[in-house]
Amino acid sequence: MDYKMTENTVFPLVEVALRTGESIQLESGAMVYHNSEITLEGKMNSNGKSGFGGAIRALGRSMSSGESFFITKASGLRDTAKVALAPATPGTIKELQVGTEHWRLNTGAFLACDASVSYNMKRQKLSGAIFGGTGGLFVMETAGSGSLLINSYGDIVEIHLDGSKPFVVDNQHVVAWSESLDYNIKVASGLFGFTTGEGVVNEFNGTGTIMIQTRNIEGLAGLISPFVSSGS
């Protein structure tokens, strides 16, 4: 993916250059502008399956993971085509290379990818379905090869694990992690607790990388909800 990111701003956008016939997939609603040399096509988020079966798959992905029912395909009409993208949340945009390594993504992390990249829904352990604040029964797992753009709320910090000991991250701060990592989802302060205020955590084991966002979108929602309620 040939792209550049706006500099000297805490809320960047990405401008992607496309050649004739080249295309990318992007999260529905992520397009900011293009130079009239782009075609945009909305399609069901069914990983290539069409018809009624595709609709069921897209609906299932939307209900199980919080993804959009539709995904947008942007294609270049000339070699000078450009399209700009921005995520829904204020934060960082980061490129992940897919192929030699594959990734699992938390809800809302996907922004765009090369046409050669796709993702499947990976069933979580039952504990993930019960305790997971995001993802539910399924999480996104990358397939294919190429570039994938993810976004966060706040900055993104990379944590590299060497497998020597477990590493614990609050569920709402996890953006993406290496497929090679095993993980368990549990309550931070015990099964009946939440006594520390930390809520649900992911305990990772193995060798790989975790992408962590520095802010918690649920925390922001908790801060502003009293003001919204009082104004209604």
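**Entry 1: salt bridges**

I began with the charged pairs and found that the structure holds 4 salt bridges. A reminder to myself: this is a predicted model. Side chains of opposite charge can pair when their charged atoms come close.

**Entry 2: Glu15 and its partners**

I looked up Glu15 and found its side chain in a salt bridge with Lys4, at 3.8 Å from N to O. This pair links distant parts of the chain, with Glu15 in strand E2 (residues 14-18) and Lys4 in strand E1 (residues 2-5), 11 residues apart.

Is Glu15 buried or exposed? I read a relative accessibility of 15% for Glu15, and since buried means under 20%, Glu15 counts as buried. Lys4 is another matter: at 54% relative accessibility, Lys4 counts as exposed, because the cut-off for that is over 50%.

Next I checked Lys82, whose side chain also meets that of Glu15 in a salt bridge, at 4.0 Å from N to O. Lys82 sits in strand E7 (residues 81-85) and Glu15 in strand E2, so this pair ties together parts 67 residues apart in sequence. I noted Lys82 as partly exposed, with a relative accessible area of 35%.

**Entry 3: Arg104 and Glu141**

I then turned to Arg104, which forms a salt bridge with Glu141; their closest N and O atoms are 2.8 Å apart. Which strands does this pair bring together? Arg104 belongs to strand E9 (residues 103-105) and Glu141 to strand E12 (residues 138-144), so the bridge ties together parts that are 37 residues apart in sequence. I found both Arg104 and Glu141 buried.

Back to the shared partners: salt bridges join Lys4, Glu15 and Lys82 into one network.

**Entry 4: around Glu158**

My last stop was Glu158, which I located in strand E14 (residues 156-162). Its relative accessible area is 34%, so I put Glu158 down as partly exposed.

Which residues does Glu158 touch, leaving aside its neighbours within four places in sequence? I listed Lys94, Thr209, Ile210 and Met211 as its contacts.

I finished with the polar contacts of the Glu158 side chain. One of 2.8 Å joins the side chains of Glu158 and Lys94. The side chain of Glu158 makes another polar contact with the side chain of His160, at 3.4 Å.

How values were computed
Residues numbered from 1 in each chain as written. Predicted model: local features only at pLDDT ≥ 70, side-chain atom pairs only at ≥ 80, totals over all residues. Heavy atoms only, no water. Helix = DSSP H or I, 4+ residues; strand = E, 2+ residues; numbered from the N terminus. Buried < 20%, exposed > 50% of the residue type's maximum accessible area, 1.4 Å probe, protein only. Contact = heavy atoms within 4.5 Å. Polar contact = N/O pair within 3.5 Å; in protein donor to acceptor, adjacent residues only side chain to side chain.
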